[in-house]
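Please look over the model shown here. This report walks through its fold, its charge pairs and one surface patch.

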Amino acid sequence: AAAVAGAAVIMIVAVAVPVLRFAGPAIATDLTSGSRRAIGGRVPARTRLALVVAQTAMALVLLSSSALIVRTLLQTSAIDPGFDAANVLTAQIRLSTRAYPGVDDRARFVERMLAHVRATPGVVAAGTTLNVFTPGSPFFSLVQIEHQPQADGQPYTMQFRRTSPGYLAAMKTRLVSGRDFTDRDRTGTPLVALVSRSIANRFWSGDAVGKRLQRGSADTPWLEVVGVVEDVRDAGLDLAPADTVYTPF
């Protein structure tokens with residue numbers, strides 16, 4: 001819209017200036033007589049030539065810039081981010097620690113909230129994630145892969161995201177294999193996780209369901225992988241998808 005408005009203003013000025021300059025009672029006489037005023041008046045030929053050269057140069061710069069922008073747009077639109085933001089409404093919620101002091105209190109609030117949202121007419125899916133979905137600011141965590149330690153013994157660094165049942169459906173992120181989280185994945189039940197396709201391919205040749213990993217130090221419980229999720233470029237389209245581990249909210 002800004003480009004169209006700017007082009008319109010430029011065209012109006014480009015047409016209006018010569019019209020206003022040569023308009024007057026003698027314009028018909030000038031045109032028919034072929035006087036010097038009708039073909040340029042007293043403007044020196046060098047000045048006119050300089051203006052034409054400058055105009056041509058600017059046109060070439062604009063055309064080149066436009067071509068680069070269009071090419072970048074086409075390349076960007078061809079990238080699959082792993083999610084679909086169309087018709088997705090997001091909101092950030094911060095709960096008072098005084099009103100919701102414990103983890104169970106906050107979990108129950110989230111469950112009630114999602115139940116109300118899903119019951120709203122027009123809503124087809126709803127979910128939550130603990131980590132802000134902001135390009136350029138992923139949350140990383142240390143992860144141990146069972147039977148596949150690094151050569152130096154240090155844990156792997158992977159993106160970490162807590163999600164609720166329904167999050168993948170709301171973001172239209174494809175489940176490659178296995179299952180998504182359900183309401184049964186809660187405190188007191190076996191610990192489970194989802195991994196991105198990149199992790200599944202990197203460590204288990206794509207067959208990650210049933211494998212185990214560990215978040216943090218060596219004394220933390222093991223998580224069983226129950227599903228593989230399509231890679232997501234949630235840190236930016238210009239970055240490769242990060243290895244991501246999902247755990248139930």
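The sections below start with the whole chain and then turn to single sites.

## Overall build

This is a predicted model. The protein chain has six helices and seven strands. Read from the N terminus, the order is α-α-α-α-β-β-α-β-β-α-β-β-β.

Of the 249 residues in the protein chain, 26% are buried. Consider the contacts with a separation of 6 or more: 64% of them join residues 24 or more positions apart.

## Helix 6 and the strands

Helix 6 covers residues 197–204. Its buried residues are S198, I199, A200, F203 and W204. Which strands do the buried residues of helix 6 pack against? The list is strand 1 (140–145), strand 2 (156–163), strand 4 (192–196), strand 5 (212–215), strand 6 (222–229) and strand 7 (244–248).

S205 follows helix 6. The phi of S205 is positive, near 55 degrees.

## Salt bridges across the chain

Side chains of opposite charge can pair when their charged atoms come close. The count here is nine salt bridges. One of them joins D84 and K172, with the closest N and O atoms 3.9 Å apart. This pair links distant parts of the chain, 88 residues apart. D84 sits in the loop between helix 3 (45–77) and helix 4 (103–118). K172 sits in the loop between helix 5 (167–171) and strand 3 (175–178). Is each partner exposed or partly exposed? D84 counts as partly exposed because its relative accessibility is 31%. K172 has a relative accessible area of 53%, so K172 is exposed.

R212 forms a salt bridge with E146. Their closest N and O atoms are 2.8 Å apart. R212 lies in strand 5, and E146 lies in the loop between strand 1 and strand 2. The two are 66 residues apart and link distant parts of the chain. R212 is at 33% relative accessibility and therefore counts as partly exposed.

## A buried pair and a network

R161 and D234 meet in a salt bridge through their side chains, at 3.1 Å from N to O. R161 is in strand 2, while D234 is in the loop between strand 6 and strand 7. They are 73 residues apart, and the pair links distant parts of the chain. Both R161 and D234 are buried.

R174, R197 and E230 belong to one network, joined by salt bridges that share partners.

D180 lies in the loop between strand 3 and strand 4. D180 is buried yet has no salt bridge. How far away is the nearest side chain of opposite charge? That side chain is R179, at 6.8 Å.

What does D180 contact, leaving aside neighbours within four places in sequence? The contacts are G166, L168, L175, D185 and L194.

## A nonpolar surface patch

V9, V13 and V17 form a nonpolar patch on the surface. Together they have about 250 Å² of accessible area. V13 is placed in helix 1 (residues 2–22). An α-helix has 3.6 residues a turn, so residues three or four places apart point the same way. V13 has a relative accessible area of 45%, so V13 is partly exposed.

Technical notes:
Residues numbered from 1 in each chain as written. Predicted model: local features only at pLDDT ≥ 70, side-chain atom pairs only at ≥ 80, totals over all residues. Heavy atoms only, no water. Buried < 20%, exposed > 50% of the residue type's maximum accessible area, 1.4 Å probe, protein only. Helix = DSSP H or I, 4+ residues; strand = E, 2+ residues; numbered from the N terminus. Contact = heavy atoms within 4.5 Å. Salt bridge = Lys/Arg side-chain N within 4 Å of Asp/Glu carboxyl O. Patch = residues over 30% accessible without salt bridge, like charges linked within 9 Å, V, L, I, M, F, W, Y side chains within 5 Å. Areas by Shrake-Rupley, 256 points an atom, 1.4 Å probe, with all protein chains shown as cover. Lys, Arg positive; Asp, Glu negative; His and termini not counted.
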